[in-house]
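Biologist: Could we go through the aromatic residues and then the sheet in this model? Please begin with what counts as a pair.

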Amino acid sequence: MPSAHRITRNMQRDAVIALVGEPTQSNNADGRTVGPRDVYKVKREGSCTVDEIAITYAANNGPIQEILQRCGDVTSNENRSVRYAYHLEFPEVFDQLSPKMPREQVMAILGTPADTRASNTQSMFIDAYTVDGAPLDVWYDKAEKRVYQFYWSTRHVSLPRIKRAELFEPTDRP
């Protein structure tokens, strides 16, 4: 169904299923700490032709807690795993950033950093920004001046940020 892009934070499992259909697999967790985890298969273009989308819900029929997207095509050597935690929505500017990006490119997107400081690792340095009112630390490799990692609001940011699939296509169970 072409309505997966309407999945939002705090959405309950029955509302997600109403939007995108029944999952290919479902794992009912213990219910005390984590709720069910539904897996969908999504067709995509590129070296990985099928993605697995796993949606984890909070305990006691709570809302969406996290979406994990990874390559589910065993014939692909694309090693891709993306996590989207709904309890922290990342600003859209993160869609333009990527690991190993040169510092000049990051500065073209984010502007001049408010501060540049040494890290606790000799081979790294940090540019400090403020994005949507929260601190963003961009860690760079000193030698190459390329992005090593991002921390926004003290949380590690995995990029690329998950793109919600336009079409969820449940496949036959193996």
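Modeller: Rings of Phe, Tyr and Trp, the last by its six-membered ring, pair if their centres lie within 6.5 Å; planes under 30 degrees apart count as stacked, over 60 as edge-to-face and the rest as tilted. Please note that this is a predicted model.

Biologist: How many aromatic pairs does that rule give?

Modeller: The count comes to three aromatic pairs. In one of them, the ring centres of phenylalanine 94 and tryptophan 152 are 6.0 Å apart with the planes at 70°, so this pair is edge-to-face.

Biologist: Where do phenylalanine 94 and tryptophan 152 lie?

Modeller: Phenylalanine 94 is in the loop between β5 (81-85) and α2 (103-110), while tryptophan 152 belongs to strand β9 (residues 146-152), so the pair ties together parts 58 residues apart in sequence.

Biologist: Are these two residues buried or exposed?

Modeller: Both phenylalanine 94 and tryptophan 152 are buried.

Biologist: And what is the geometry of tryptophan 139 and tyrosine 151?

Modeller: Their ring centres are 6.1 Å apart and the planes stand at 55°, so that pair is tilted. Tryptophan 139 lies in strand β8 (residues 134-141) and tyrosine 151 in strand β9, twelve residues apart.

Biologist: Turning to the sheet, what is the strand order?

Modeller: The order is β6-β7-β8-β9-β10 in an open sheet of five strands, with antiparallel pairing. β6 (115-118) and β10 (155-157) each have a single partner strand, so one side of each is left without a neighbour in the sheet.

Biologist: Which residue is the bridge partner of isoleucine 126 in β8?

Modeller: That partner is tryptophan 139.

Definitions and conventions: Residues are numbered from 1 along each chain as its sequence is written. This is a predicted model: local features need pLDDT of at least 70, side-chain atom pairs count only at pLDDT 80 or more; totals for chains, interfaces and linings use all residues. Side-chain values use heavy atoms; hydrogens and water are left out. Helices (H or I, at least four residues) and strands (E, at least two) are DSSP runs, numbered from the N terminus. Buried means under 20% relative accessible area, exposed over 50%, partly exposed in between (1.4 Å probe, protein chains only). Two strands pair if DSSP finds at least two bridges between them.
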